[in-house]
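Please read it beside the sequence and the structure.

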Amino acid sequence: MKVKLTILLLLFVSSLAAQRTIFYVADTKADCYGVSNRPCLQVKEKPDEPYALFYSGIDGFTYEEGYNYKLEIMRVKRERPPADGSAYTYYLIKVLSKERSKTYVQKSIPIPDQVLLPLARISKNGKMEQVSGNSIPDIVFDKRTGRISGRAGCNRYFGRVIFDNGKLSISGVGSTQMACMDMQIESLYLKHLSAVNRYQFNSGLLQLYKDQELLLQFNIPEN
């Protein structure tokens, strides 16, 4: 809703600087030239064109590797673009299609073992929202024992995990019982954690899904 209101305001204030267009987004990202440790989307505006590296972000768009997208985009010209940045800002209007790629093969990347992974985003009412504050949940996988543990926010938690070729199941999740001022994120986090059934890596993030629904994103620390 916030992104849509922003788009309407931009159109009202500066209609000449805004343009609707269609983006086709590839099923994988590619390394950006001259930008370290940050893969780029691959984008084209016509189906028969080759994909090109896309150095900007698209506000409101959550990318999942392994899918080809057709997006309706609002491209807005910046009044004072930075010297090393794009002359435009891009906003998602609508996902016109999202189709699983028939040629995509997920890279075989193991989940980090006994490494603390802080939560970056969590699904709230179907939208991924950034997590901030002093009590950010985290997770640690112990593959030898098949256990998970971490902090849910206020309380510490624990549980069992089973991995199977890109899929995982988490069960027996329990936690300590301290009462805190705000338990909303903690309750939602533990609920999502018990529901996930597969995982995927994407641009330095561990993503946990329930079927096709993205529920949790964790930052993977750089070595």
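Asp 164 has Lys 167, in strand β13, as its bridge partner. Strand β13 covers residues 167-175 and runs antiparallel to β12, with seven bridges joining the two. Strands here are DSSP runs of E with at least two residues, helices are runs of H or I with at least four residues, and both are numbered from the N terminus. Two strands count as paired if DSSP finds at least two bridges between them. The hairpin of β12 and β13 has two residues between its strands, and Asn 165 takes a positive phi near 50°.

The model is predicted: local features need pLDDT of at least 70 and side-chain atom pairs count only at pLDDT 80 or more, while totals for chains, interfaces and linings use all residues. Residues are numbered from 1 along each chain as its sequence is written, and side-chain values use heavy atoms, with hydrogens and water left out.

**Other hairpins**

Strand β12 (residues 156-164) also pairs with strand β11 (residues 147-151), in the antiparallel sense and through five bridges. Arg 147 has Arg 160 in β12 as its bridge partner. Four residues lie between the strands of the β11 and β12 hairpin, where Gly 153 has a positive phi near 140°.

A further hairpin is made by β8 and β9, with two residues between them, and Asn 125 in its turn has a positive phi of about 55°. Strand β8 spans residues 117-124 and strand β9 spans residues 127-130; four bridges hold this antiparallel pairing. Lys 124 is bridged to Lys 127 in β9.

**Salt bridges**

A salt bridge is counted when a side-chain nitrogen of Lys or Arg is within 4 Å of a carboxyl oxygen of Asp or Glu. By this rule there are five salt bridges.

| Pair | N to O distance |
|---|---|
| Glu 72 and Arg 20 | 2.7 Å |
| Arg 75 and Glu 45 | 3.1 Å |
| Lys 124 and Glu 129 | 3.8 Å |

The salt bridge of Glu 72 and Arg 20 links distant parts of the chain: Glu 72 is in strand β6 (residues 67-77) and Arg 20 is in strand β1 (residues 18-25), 52 residues apart. Accessibility is classed by relative accessible area: buried is under 20%, exposed is over 50%, and partly exposed is in between (1.4 Å probe, protein chains only). Glu 72 counts as buried because its relative accessibility is 18%, whereas Arg 20 counts as exposed at 51%.

The salt bridge of Arg 75 and Glu 45 also links distant parts of the chain, with Arg 75 in strand β6 and Glu 45 in the loop between β3 (39-44) and β4 (52-54), 30 residues apart. Arg 75 is buried, at 12% relative accessible area, and Glu 45 is partly exposed, at 35%.

In the pair of Lys 124 and Glu 129, Glu 129 is partly exposed at 34% relative accessibility.

**Thr 21**

Thr 21 is in strand β1. With a relative accessible area of 11%, Thr 21 is buried. What does the side chain of Thr 21 make a polar contact with? The partner is the side chain of Glu 45, at 3.1 Å. A polar contact is a pair of N or O atoms within 3.5 Å; within protein, one must be able to donate a hydrogen and the other to accept it, and residues adjacent in sequence count only if both atoms are side-chain atoms. Apart from neighbours within four places in sequence, Thr 21 is in contact with Glu 45, Leu 71, Glu 72, Ile 73 and Arg 75. Contact means heavy atoms within 4.5 Å.

**Pro 110**

Pro 110 lies in the loop between β7 (88-100) and β8. Pro 110 is exposed, with a relative accessible area of 57%. Its contacts, leaving aside neighbours within four places in sequence, are Lys 143 and Phe 201. Pro 110 and Phe 201 are 91 residues apart in sequence, and their C-alpha atoms are 9.3 Å apart in space.

**Disulfide**

The structure holds one disulfide, defined as a pair of cysteine sulfur atoms within 2.5 Å. Cys 154 is joined to Cys 180, with an S to S distance of 1.5 Å. The pair links distant parts of the chain: Cys 154 is in the loop between β11 and β12, and Cys 180 is in the loop between β13 and α2 (184-195), 26 residues apart. Cys 154 is buried at 14% relative accessible area, while Cys 180 is partly exposed at 29%.
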